[in-house]
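Notebook open. Today I'm looking up salt bridges first, then pockets.

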Amino acid sequence: NKTTDKVIPSKKGDSVSSRSIQRNKTHAAPPPQREPSWWEKLSPERKLDVVGIILAFIGVIILLGLISANRSALIGGAIFFLSQIFGWGVYILPLGLLIFGLWLVLRKIERIPPLSIESAVGSIILFVWLMTLLHSFVATAETAEAVALTGQGGGALGGLFQRFLWGAFGSGGAFIALIAWLIIGIAVT
């Protein structure tokens, strides 16, 4: 097997083999670095501010949709969807979003206590507890899902936890579990 190399003259007059040209083609330049997005350019403090503004904005939009006498099809459908998920908690949800959003934006003011992950988790625990309690007022464990579809009680969220508690512990055990849940939520908050 004879190997023949073709000689190609370059502009400077020296010769370059076709093998060296092939080797140069396999070593392509790396792709250019991509420009970081505006979110990646933000500092962690600014990211918390943006999240706070978005939460507060969503809370205001939901609150305005709830108090509006004439709802558009889009807003009316969104409110009905939220009421199916949260039931009567749909009236508490925008206030919670607004408070947490403003808390994130105003967290550097000395008079406002700092927002910790524990207080946020505790607030969510108490919100889910309230949805479960509200749902237990209007539905039994057997009718919980049907009542949730109407947007009453604690909605699908409250119905889910109600069915779990009543199925696992019965009526008396569920009552004790709700009291323990409340105490844990308050303690974490």
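This is a predicted model: local features need pLDDT of at least 70, side-chain atom pairs count only at pLDDT 80 or more; totals for chains, interfaces and linings use all residues.

For this page I count a salt bridge when a side-chain nitrogen of Lys or Arg sits within 4 Å of a carboxyl oxygen of Asp or Glu.

**Salt bridges**

I searched the whole structure and got five salt bridges. I then checked which residues join up, and found E45, R46, D49 and R107 linked in a network of salt bridges.

I looked at D49 next. Its bridge to R46 has the closest N and O atoms 2.1 Å apart. Both residues belong to helix α3 (residues 44–67), three residues apart, about one turn of the helix. D49 also bridges to R107, with 2.7 Å between the closest N and O atoms. That pair links distant parts of the chain, as D49 is in helix α3 and R107 is in the loop between α5 and α6, 58 residues apart.

Buried or exposed? I looked up D49 and it counts as buried, at 14% relative accessibility. R107 is buried too, with a relative accessible area of 14%, while R46 is partly exposed at 45%.

I also noted E35 with K41, where the closest N and O atoms are 3.6 Å apart. E35 counts as exposed at 59%, and K41 counts as exposed at 56%.

**Largest pocket**

How much space lies in the largest pocket? I get about 350 Å³. I listed 15 lining residues, with G96, F100, S123, I124 and F127 nearest the centre. Two or more lining residues come from each of α5 (93–105) and α6 (117–138), and α6 gives the most, six. Sorting the lining by class, I have 13 nonpolar, two polar and no charged residues.

Conventions:
Residues are numbered from 1 along each chain as its sequence is written. Side-chain values use heavy atoms; hydrogens and water are left out. On a 1 Å grid over the protein atoms alone, a cavity is a set of points where a 1.4 Å probe fits but cannot get out, and a pocket is an open set with protein on both sides within 12 Å along at least five of seven lines; lining residues have an atom within 4 Å of a point. Grid points are joined across faces, edges and corners, and a volume is the space filled by probe spheres set on the points. Helices (H or I, at least four residues) and strands (E, at least two) are DSSP runs, numbered from the N terminus. Ala, Val, Leu, Ile, Met, Phe, Trp, Tyr, Cys and Pro count as nonpolar, Asp, Glu, Lys and Arg as charged, and the others, Gly among them, as polar. Buried means under 20% relative accessible area, exposed over 50%, partly exposed in between (1.4 Å probe, protein chains only).
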